[in-house]
Amino acid sequence: MIVFVCFKKKYMCVVTPPAGRELPPICPNVRLKHQHQHRITVDNLPPDVRARFATDKVMPLRTKTVKEFQEDIERATVSGDWKHVHDFYLTTFGSFLELNAAFKKDASPLFNTIEDSGINTKFINAVYDALSLTVCRMIESCLKSQTSSVVKLYFLFENPQCTSPATYVIYAHLLRQIAALAEADHYFLMHWFKKLSQKRFKQLVERLHLFISTRLFPVKPEELPPMAKCSWWIPSATKVLSLLNAANIISSTPILPFVDFYNPTLDHTDFMEDYRIWQTQGNSTRFTFCQFAFILSTVVKKAVIQKDSEQQMISMARQSLVDKVSRRQRVDMSLLFLNIKVRRLQLVSDSMDELTRNRADLKKKLKVSFVGEAGLDMGGLTKEWFLLLIRQIFHTDYGMFTFFNDSHCHWFSSWKCDNFSEFRLVGVLMGLAVYNSITLDISFPPCVYKKLLTPPVVPCDLDLPVGMATLTLDDLQQVMPDLSHGLAELLSYEGNVEEDFCTTFQVSQEELGVIKSYNLKPGGDKIPVTNQNRKEYVQLYVDFLLNKSIYRQFTTFYYGFHSVCASDALMLLRPEEVEILVCGSPNLDMSSLQKAAQYEGYSKTDPTIRAFWDVVLGFPLKFQKRLLHFSTGSDRVPVGGMADLNFKISKIDASTEWLPISHTCFNQICLPPYKNKKELKQKLTIAISNAEGFGLE
């Protein structure tokens, strides 16, 4: 029973329960004196004596439209009188109720769906866009509005004025409140973020990156509080950025490419110390950027893997030395390296034997020599060995991989055999390439790298399956586009699937010229595909083609790769980033190479150099790749772009009858001072078209 007493007027009212139900008596023997008299309720009282419930909230009525607001802005711009607009901002951002009234489509209902935040985004965008025209007092009054409501925080987070260090103290507190929200509220935010336009979404991401970069390396440190007093700024911003990254991932089509979440400023921080803390403490309460790996660029991740690899190489070499010394044996410096000696004509078999024999040394620095050749491996012979070996193994005549012309990629042959050791060799090669910072010309589809990271670290229990990634029709599209298209048509077919397709849960494929059938589920040959079970059929078919039919082959390949490239740093990588580390980029930009080129004996204005770049920039892509291979040992662009090649053009005092010479160990090409552009083009074309084999000068 709720009783309100007004002593001034001597009124007392008894509030009836909802729906007119009688309140239970205070005790069984108590009855109202005038039981049949009309009961006094709040509604019967005069307005001046009614007491309002503490939980009652009068919802303001706001009917201003986007058009009306924009007209207000135009008038203020012309007249210079911003009072009306100023009052609108002060009122609207003064309380949560006013925010509801102004921006929610319906101010009363609570949000309870991830499909729609209930916010008039067109209006709020117009309001925030206009902030750049308004006075500072008004902006600060908006930013300083404090609340922990997820809806209001969502309003304030879109404020476009948070790009100035002058607003960063308030912005940081806003970010901390968003980061501290409950998991359920984060879930709502993610789904609301993914409904933003690409422009708005990108602005939010860039704003957070700018905030993090400015806090790390402020242009004017005096504009910000000391780092010791605001150490929580960067963790809060990074956590909020992770919500946007999650929204990008769950969006049916990514709103931004994943590289837009990289913060290049972090390339200049002590990321190895960050990695070390993350390795030792994992995802503990202590913040590290490695906990939010999406923000670290591929350049950082490659550097982490390289440093990690170097530490493992040093550790292995030290252990070998200690073992030799402890047994009082003669120390040979060659034991510090993984030494591979092969014949060109027996390249695959020799390489396989050498890698098997030196299995314990795979984590040492790689050195390659070819029998009968005098070349010393300073890096160039290693590149040559990788290139020739990959070329032979992936040739269709070799039978290990199938090449699909439609998708321009290789896939594992599904034939069954007793020995899958050559698939292990390919895995070892890929691991050695990453471990030794070599790029390979391999055309695997992206799903291979998803499988390679499933899981990213080899499980302790070797009976656990590996490489069994959750793959979809989109993944199949990248391998077998025609089959993927046919399965997509099956899913969208509006007729009777069972009668028109006459398909069962059994599939057939050719293996070494023989057609073999496999059931996708027990008794699959007896189960027809219908409208009701076709989704299951497609998923099982995709799983069979990309996982189960090549399980033995891929498992051996997986263990080969991880036998070399076993690093916690792999947990930081996306599948696309593993592909970039293994293969580099196929996109050549010779103009970038020209800008980054170094010269020895020449200057960039010399006639020979100008003629060289005129010829190279005019080459078709095929010959540009040959030039890159001739001078660096690979036709792929490493992580970091052309600038990371440290490409050098040197002058040699030799006859102009000589062909250009390259030192692939040092990414260097040597040119005699050719008389004209025609002569240079002729000699260079001959050289890059005959670029196999090594010799000593």
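Visitor: How many aromatic pairs does a search of the whole structure find?

Guide: Rings of Phe, Tyr and Trp (its six-membered ring) pair if their centres lie within 6.5 Å; planes under 30 degrees apart count as stacked, over 60 as edge-to-face and the rest as tilted. Here the search of the whole structure gives 40 aromatic pairs. The model is a predicted one, in which local features need pLDDT of at least 70 and side-chain atom pairs count only at pLDDT 80 or more, while totals for chains, interfaces and linings use all residues. Residues are numbered from 1 along each chain as its sequence is written, and side-chain values use heavy atoms, with hydrogens and water left out.

Visitor: Which kind of aromatic pair do F69 and F123 form?

Guide: F69 and F123 make an edge-to-face pair, with 6.0 Å from centre to centre and 70 degrees between the planes. Because F69 lies in helix 1 (residues 66-79) and F123 in helix 4 (residues 121-129), the pair ties together parts that are 54 residues apart in sequence. Helices here are DSSP runs (H or I, at least four residues), numbered from the N terminus.

Visitor: Are F69 and F123 buried or exposed?

Guide: Buried means under 20% relative accessible area, exposed over 50%, and partly exposed in between (1.4 Å probe, protein chains only). Both F69 and F123 are buried.

Visitor: Why is the pair of F444 and F557 edge-to-face?

Guide: The ring centres of F444 and F557 are 5.9 Å apart and their planes stand at 75 degrees, so the pair is edge-to-face. F444 lies in the loop between helix 15 (421-435) and helix 16 (446-452), and F557 in helix 21 (residues 551-564), so parts 113 residues apart in sequence are tied together. F444, at 4% relative accessibility, counts as buried, and F557 counts as buried at 0%. The two also belong to one aromatic cluster, whose members include F394, W411 and F554.

Visitor: Where does the charged end of R176 sit?

Guide: A charge sits over a ring if NZ of Lys or CZ of Arg is within 6 Å of the ring centre and within 35 degrees of the ring normal. The charged end of R176 sits over the ring of W232, 3.9 Å from its centre. Likewise, the charged end of K521 sits over the ring of F505, 5.1 Å from its centre.

Visitor: Which residues are buried in helix 22?

Guide: In helix 22 (residues 575-583), the buried residues are E577, V578, L581, V582 and C583. Just after helix 22, G584 takes a positive phi of about 65 degrees.

Conventions: Helices (H or I, at least four residues) and strands (E, at least two) are DSSP runs, numbered from the N terminus.
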